[in-house]
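This report describes a ligand site, the pockets of the protein and some points of backbone geometry. Please keep the sequence and the model in view while reading.

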Amino acid sequence: MTAPDAPKGVDVDKPSAARIYDWYLGGTQNWAVDREFGRRAEKLWPLIRPISRANRAFMNRVVRSALDAGIRQFLDLGSGVPTAGNVHEIVRERLPASVVYVDYEPVAAAHSRLILDREGATGWAGLVQRDIRAPEAIFADEITERLIDWSQPVCLLMITVLHFLGPDDHPGELVATYRDRLAPGSWLAVTHGTCRPDAPPERAAEVRAFVDAYRDTSNPAYLRSADEIRPWFGGWPLLEPGMSALPDWRPDDPVSALDAEVRPFAWGAVARKP
Ligand SMILES: C[S@@+](CC[C@H](N)C(=O)[O-])C[C@H]1O[C@@H](n2cnc3c(N)ncnc32)[C@H](O)[C@@H]1O
């Protein structure tokens, strides 16, 4: 059940957000250092697994909605280690369409390439191993050039990745660079960790301890309020139901009691370029 060999370039001495998240979701591409960190983090904040699943489910609903709306191109920034419910798995049912994954983490990149290759998906899906803070390099990458036609709408996914950018990374300006590149009719989907004022105080203390723990990883994390996140959509109209708790964005099923508990700790929203 464990990842046997670390691919070249993988630092297995320091936990990484991609591999810890894989562990939260029940995946196998994680090492002892990641699992140890994950167990400690889960003790600090027991909602981490339910919120990771709610985040993944949000992303799945967005991708299906985008396909229903006729979008055929997906750019998934900070795509992570592929575990169940990847973008290309949903898209595969509705080809022709294309998917570009972007992640700079070596395990996420190696495993994504392996899966796309094994599934014979490389004709319409690919992995760009780059830092999302270098958008021009991502636009110029041969995989992006082959798979994305910028004159057509794209669904740009920034799912649980922007909270790994600190103030010095100027996330607002970065998101604007991506927004500017998109054709009218494109979608921008974002999820982001938060701690709403209505969070029960004991849970709020847990999430803050959890975020503190990430300071020791390759990916320190930042919580942000709805007011900090909203400008990233550049005034584009938000699709119904607007900025929501993750389980409340176009739910397939009634929200469970456990999902209800994660509401105060992440925002999700999708906007459409006019
Ligand atoms: C928590 S995972 C989210 C995976 C997926 N988007 C999801 O929500 O299911 C965050 C991913 O973002 C990646 N990441 C963080 N900062 C990044 C950066 N500056 N450039 C590229 N990838 C980054 C990490 O390697 C990790 O795989």
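Which helix gives the most to the lining of the second largest pocket? Helix 3 does, with seven residues, where helices (H or I, at least four residues) and strands (E, at least two) are DSSP runs numbered from the N terminus.

## Basis of the model

This is a predicted model, in which local features need pLDDT of at least 70 and side-chain atom pairs count only at pLDDT 80 or more, while totals for chains, interfaces and linings use all residues. Residues are numbered from 1 along each chain as its sequence is written, and side-chain values use heavy atoms, with hydrogens and water left out.

## The ligand and its shell

The ligand is surrounded by 19 residues, of which the closest are Tyr21, Asn55, Arg56, Gly78 and Asp103; a residue belongs to this shell if one of its heavy atoms lies within 4 Å of the ligand. Helix 1 (17–24) and helix 3 (48–68) each supply at least two residues of the shell. By class, the shell has seven nonpolar, six polar and six charged residues, with Ala, Val, Leu, Ile, Met, Phe, Trp, Tyr, Cys and Pro counted as nonpolar, Asp, Glu, Lys and Arg as charged, and the others, Gly among them, as polar.

A polar side-chain atom of Arg56 lies 2.6 Å from a ligand oxygen atom, and an N or O atom in the side chain of Asn55 is 2.8 Å from an oxygen atom of the ligand. The protein covers 99% of the 600 Å² of accessible area that the ligand has on its own, as given by the Shrake-Rupley method with a 1.4 Å probe.

A pocket is an open set of points, on a 1 Å grid over the protein atoms alone, where a 1.4 Å probe fits, with protein on both sides within 12 Å along at least five of seven lines, and lining residues have an atom within 4 Å of a point. The largest pocket has a volume of about 790 Å³, taken as the space filled by probe spheres set on the points. Of its 46 lining residues, the closest to the centre are Ala17, Thr160, Val161, His163 and Phe164. Helix 3 provides the largest share of this lining, six residues, and by class the lining has 25 nonpolar, 13 polar and eight charged residues.

The second largest pocket holds about 200 Å³ of space. Ala57, Arg61, Asp252, Asp253 and Asp259 are the closest to its centre among the 15 residues that line it, and the lining has seven nonpolar, two polar and six charged residues.

## Backbone geometry

Most residues other than glycine have a negative phi, and most peptide bonds are trans. The peptide bond from Leu95 to Pro96 is cis, with omega near 5°, and Pro96 is in the loop between helix 4 (87–92) and strand 2 (98–102). Glu240 and Pro241 are also joined by a cis peptide bond, with omega about 5°. His170, although not a glycine, has a positive phi of about 50°.

How values were computed:
Polar contact = N/O pair within 3.5 Å; in protein donor to acceptor, adjacent residues only side chain to side chain.
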